[in-house]
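Hi,

Here is the structure I promised to pass on to you. Have a look at it first, and then read my notes below.

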Amino acid sequence: MDELIKHLLSTGGKTPKELREAVIGKTGVSDRVYYRHLRKLLERKEVEETYEEGGGGRKIKKYSLRKEEKLLVRVARESIICYRPEFAISRRLLELASWIKRSPEGWVESEDVGKAKQLLTHQLVPEIKPSYEDPDSYAFVWPDGNKARLNPDDFIHSRFFNFKSVHNAIVETLEPTYTLPGKIFVGAYYSPFTAEYVASSEDMEEQMRYIGKPCEFKIVEHPHCISVAVCKRADNSICVIHVESRDGQVDKAWIKGLAQQLGAKKFQIQQWLSEDARRKLLINLRETLEQRKLLIPKRYIKLVEELFDYSYKKPSTGYATALAIAVELSQKE
């Protein structure tokens, strides 16, 4: 019961009525049991009563999760004493906080989720709005960090893959390949460049204060080929088991050798995709992620980062496309 109350408050303060109805609705306990647990959390100072301004100047009572002092450090800035998290406030954590505010339930707990929950009320958390153009799913709209900016589009970042689906697909580790019962498939894709969102500073407070925008989109001409191998298990879940890249044009001998090394049932190489084929592949990958049928080890950083940042209308480095090829190949079996 205590953990449920704290979990419900981890996404933000709740009025007495909201908290009571949420707890009793999930557990079915009596009012007496509910209030006993709430009183205990208040006495232990894990939960506190707060008041917010309401309409007509009235105060609205809420219960909030008390922040642990050890997670905050004292900062003196411009003659003002304030408290802030001891970790760097990165773009990714602010995006994660934005999604947790939008959809609080069903997150796979992780260190990043814990940090993001501390940033739910931070002034730099972006808004999530419907995409300005399809087939992207949504857009992050960032707060204005510099009133003198010239290009408002710098602050609107469209995304193709559901952020929550990508996050929940990430796992710390998978069993070694030889212990994964299932069939292996390799997808390879040639890309003439690398493309990524980059920031000048790791800390977004500094980035927005001095640079005035969260990141820039950079494209570098760098021909390379990406290969992604997946294992399809008996329960139809799909696990990424290998990610590899090589500079230059497609080397078919390299892909074939990799497929033989992994014992792949099939492999497929794409140097160019028609618009309809590309769209079909990527929408299928998005649906697979949303159905929670895909697992991706955290160590494949470039693949994970591209899935988080992917926008259909912008160039990409090719990791998402190679994964989409491998996933579709496995689903046709």
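In this predicted model, six strands form an open sheet with mixed pairing, in the order S8-S13-S11-S10-S9-S12. Helices (H or I, at least four residues) and strands (E, at least two) are DSSP runs, numbered from the N terminus, and two strands pair if DSSP finds at least two bridges between them. The edges are strand S8 (170-171) and strand S12 (266-270), each pairing on one side only. S10 and S11 run antiparallel and are joined by nine bridges; Val230 stands opposite Val240 in S11.

Helix H8 (residues 252-262) packs on the sheet and touches strand S9 (182-198), S10, S11 and S12, where contact means heavy atoms within 4.5 Å. The direction of H8 makes about 150 degrees with that of S11; axes are lines fitted to C-alpha atoms, for helices over the stretch in contact, and angles run from 0 to 180 degrees between N-to-C directions.

Some loop details may interest you too. Asn236, in the loop between strand S10 (216-233) and strand S11 (238-247), has a positive phi of about 75 degrees although it is not a glycine. A cis peptide bond, with omega about 5 degrees, joins Asp134 and Pro135.

As for the ground rules, residues are numbered from 1 along each chain as its sequence is written, and side-chain values use heavy atoms, leaving out hydrogens and water. Local features need pLDDT of at least 70 and side-chain atom pairs count only at pLDDT 80 or more, while totals for chains, interfaces and linings use all residues.

Best wishes
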